[in-house]
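Biologist: I have the sequence and the model open. Can we go through the contacts by question and answer?

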There are 4 protein chains.
Amino acid sequence: MARSSDDKYNKILQAAIDVISEKGLDKTSISAIVKKAGIAQGTFYLYFSSKKALIPAIADNLFTITLEAVKDEIQGKETFWDVLEVVIDETFKITDAYKDVIVLCYSGLAIDYSMEKWESIYQPYYEWLEDIINTAIHNNEIINDINVKWTARTIINLIENASERFYISHEQDNSLNVVKNEIFNFIKRSLFRG
Amino acid sequence: MARSSDDKYNKILQAAIDVISEKGLDKTSISAIVKKAGIAQGTFYLYFSSKKALIPAIADNLFTITLEAVKDEIQGKETFWDVLEVVIDETFKITDAYKDVIVLCYSGLAIDYSMEKWESIYQPYYEWLEDIINTAIHNNEIINDINVKWTARTIINLIENASERFYISHEQDNSLNVVKNEIFNFIKRSLFRG
Amino acid sequence: MARSSDDKYNKILQAAIDVISEKGLDKTSISAIVKKAGIAQGTFYLYFSSKKALIPAIADNLFTITLEAVKDEIQGKETFWDVLEVVIDETFKITDAYKDVIVLCYSGLAIDYSMEKWESIYQPYYEWLEDIINTAIHNNEIINDINVKWTARTIINLIENASERFYISHEQDNSLNVVKNEIFNFIKRSLFRG
Amino acid sequence: MARSSDDKYNKILQAAIDVISEKGLDKTSISAIVKKAGIAQGTFYLYFSSKKALIPAIADNLFTITLEAVKDEIQGKETFWDVLEVVIDETFKITDAYKDVIVLCYSGLAIDYSMEKWESIYQPYYEWLEDIINTAIHNNEIINDINVKWTARTIINLIENASERFYISHEQDNSLNVVKNEIFNFIKRSLFRG
DNA sequence: AATGAATGAGCTTTCATTCAT
DNA sequence: AATGAATGAAAGCTCATTCAT
């Protein structure tokens with residue numbers, strides 16, 4: 001949904017991400033955002049209807065980045081397991097890079113109970129993985145008595161949670177590679193068609 | 001941590017849960033809480049240092065309830081898989097009952113980056129499940145080449161996420177039982193020692 | 001420092017002086033000031049960073065008035081003693097007119113131990129009198145074995161205290177003229193070069 | 001007025017002086033005072049009718065100390081000029097020791113416009129100096145065409161202000177002795193019967 | 001489209017004081 | 001006399017939003 005053509009829209013969005021990452025959502029004022037963006041107070045409202053409208057926009061931006069990164073990386077990968085590895089790698093990478101923004105998204109999530117908006121943002125990501133899974137089933141790479149929709153969502157959640165526990169909750173008893181391996185195997189054992 | 005002996009502490013806590021569940025954290029004022037609790041504005045601050053201090057207390061309360069419910073239900077269950085079923089059942093039950101509070105906890109999570117507090121609240125739950133897993137490994141019920149700590153956390157996250165997607169995100173394409181089954185099997189396939 | 005061009009700044013300052021004079025600093029709320037000034041609550045904070053920031057501004061305003069009044073009146077006066085008389089006259093006049101504000105300044109003085117600010121406000125007044133004294137020494141009107149800086153400060157304090165005792169502490173056993181005379185002579189006896 | 005027999009009264013008074021000296025009047029709460037005094041919140045009100053009632057009590061305490069110190073030191077001094085020297089010495093000494101309390105008294109001065117109370121506290125000090133001056137006139141040490149009451153007040157104010165400028169406003173261009181000398185001579189030149 | 005001064009509702013928090021024990 | 005939990009009024013300040021320019 002990003003109006004990438006519009007200079008100011010993105011300037012504001014980036015300024016918002018920067019300031020909120022640093023200060024947290026609550027302590028971030030519009031005035032701090034516009035100051036960083038180098039625009040006037042009132043101009044903000046020409047591009048966003050309210051402060052709350054920032055959050056879905058930020059989340060949307062984040063998911064676009066994630067999905068694009070994943071799609072980029074899977075070029076040439078053939079098996080489902082290669083794709084899974086890429087998804088894990090990229091999710092960890094992006095979680096590390098955007099941890100503050102992710103936390104913000106969680107807090108934004110609670111505002112207005114805007115779950116629907118949330119779901120619609122995730123939608124393309126879910127659907128993309130559903131396709132991948134269906135292909136894998138078709139190719140006899142993975143078992144077929146699963147609910148594809150539910151499994152796509154579960155896998156994404158699983159990986160996201162693991163990476164958040166690693167980078168945000170600092171649950172770092174194990175090295176990055178150990179954790180990535182653990183999650184890869186956890187999923188593989190569950191889905192692999194032996 | 002629950003000072004169940006302290007009348008007023010719990011009165012405030014319950015009022016806070018009620019009001020926040022209804023209105024959301026942002027739109028909940030202390031004055032609404034104290035009004036519901038039937039105490040004076042200042043009295044709130046004798047029991048909680050600030051509005052933010054409510055959130056860990058509420059979360060703590062929620063986890064105490066969950067863990068107690070689980071422990072209650074597993075009386076007499078023998079196998080790991082029975083226990084897993086109970087954990088799934090209870091998690092879904094409590095997610096349903098406390099969905100508003102759970103959302104609030106997520107948003108609270110972002111305030112002050114208080115991840116440490118968060119972790120310490122989950123800790124007993126994690127440790128309890130680690131014990132269960134270790135026993136299951138010992139009994140040859142599940143495979144043994146897993147990282148127990150990481151797996152305990154992952155299972156809990158997995159189940160919580162599934163139930164939240166079901167009750168909070170209203171991802172209800174499938175019936176409750178189908179979903180519960182799906183998650184049970186997802187985990188079982190991954191851990192079962194055939 | 002008076003931004004006489006700025007309409008609102010002065011409107012607030014005047015309203016603050018009025019309200020504080022009437023009610024005292026402690027019992028004066030910002031809301032009373034803005035009400036009197038005919039502006040919104042938030043507007044106050046566009047011009048003053050806090051309630052406390054009013055006090056130096058008020059004091060500054062008061063001193064500017066005093067010094068200007070004195071300078072106005074000494075036009076054409078030739079001797080040091082004529083000038084001293086004017087200083088006494090004007091100090092008493094202004095003390096009478098602004099007694100409430102002066103009391104407020106004393107109390108404000110204690111807030112934040114902001115003595116430095118205080119000193120910098122007095123500075124131009126002190127320096128002006130130092131010049132007068134130096135000229136008087138040069139003209140052989142007064143003795144020359146004094147510390148000019150210290151003496152300037154002392155004379156101003158002496159006169160201010162006398163007028164405050166008269167108008168604020170109501171130490172009015174003697175008529176205004178008697179008191180003025182007493183102080184004039186006290187100083188003259190001390191400094192006159194016979 | 002000091003109920004020196006009453007243990008708790010003085011314990012509170014001393015705690016108040018300590019806390020207020022450190023934090024300033026505004027930021028000092030009764031709760032901090034009672035905590036320091038080691039008594040209960042309510043007990044404060046058995047000895048002082050309100051927070052404001054503290055200030056005259058503190059001031060009274062300060063003046064009692066000052067006057068006693070002066071009286072102590074003038075034992076055996078014969079001339080008015082010896083006494084004047086003692087008054088200067090002791091005033092500077094006490095100003096240095098109690099600067100924070102003095103500042104507090106200034107700010108308290110503005111509360112309630114309680115000038116009358118103020119005057120009554122100073123009264124014994126003023127009267128004591130009037131007696132000294134009358135004796136000096138009688139002994140032909142100083143000139144006789146002065147208003148004794150006014151002069152007593154003026155001398156005390158003069159010395160107090162000089163010492164406050166020195167210790168509180170840090171007007172320390174000159175050494176302590178230079179300043180003391182300056183003030184002694186300023187007064188002597190004004191009053192000496194040559 | 002862009003500005004930024006002005007708005008004013010509404011919040012959290014403090015704290016002097018009370019009173020039942 | 002002493003306590004200290006409870007009170008609740010009161011106030012400073014913030015900040016999302018508006019609107020005249």
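Modeller: A salt bridge here is a side-chain nitrogen of Lys or Arg within 4 Å of a carboxyl oxygen of Asp or Glu. This is a predicted model: local features need pLDDT of at least 70, side-chain atom pairs count only at pLDDT 80 or more, and totals for chains, interfaces and linings use all residues. Residues are numbered from 1 along each chain as its sequence is written, chains are lettered from A and ligands numbered from 1 in the order in which they are written, and side-chain values use heavy atoms, leaving out hydrogens and water.

Biologist: Which side chain of chain B meets Asp173(A) in a salt bridge?

Modeller: Asp173(A) sits in the loop between helix 8 (148-167) and helix 9 of chain A, and its partner is in helix 8 of chain B. Helices are DSSP runs (H or I, at least four residues), numbered from the N terminus. The N to O distance is 3.9 Å, and the partner is Lys149(B).

Biologist: Is Arg153(D), the partner of Glu171(C), buried or exposed?

Modeller: Buried means under 20% relative accessible area, exposed over 50%, partly exposed in between (1.4 Å probe, protein chains only). The closest N and O atoms of Glu171(C) and Arg153(D) are 3.2 Å apart. Glu171(C) has a relative accessible area of 10%, so Glu171(C) is buried. Arg153(D) has 4%, so Arg153(D) is also buried.

Biologist: How many residues apart are Lys180(A) and Asp89(A)?

Modeller: These two form a salt bridge, with closest N and O atoms 3.0 Å apart. Lys180(A) is in helix 9 (residues 176-191) and Asp89(A) in helix 5 (residues 80-97) of chain A. The pair links distant parts of the chain, and the separation is 91 residues.

Biologist: What kind of aromatic pair do Phe80(B) and Trp81(B) form?

Modeller: Rings of Phe, Tyr and Trp (its six-membered ring) pair if their centres lie within 6.5 Å; planes under 30 degrees apart count as stacked, over 60 as edge-to-face and the rest as tilted. Here the centres are 4.9 Å apart and the planes are at 85°, so by that rule the pair is edge-to-face.

Biologist: What relates chain D to chain C?

Modeller: Copies are superposed by least squares on the C-alpha atoms of residues with pLDDT of at least 70 in both. A rotation of 180° with 0.1 Å of shift along its axis puts chain D on chain C, at RMSD 0.1 Å. The two copies are therefore related as by a two-fold rotation axis.

How values were computed:
Helix = DSSP H or I, 4+ residues; strand = E, 2+ residues; numbered from the N terminus.
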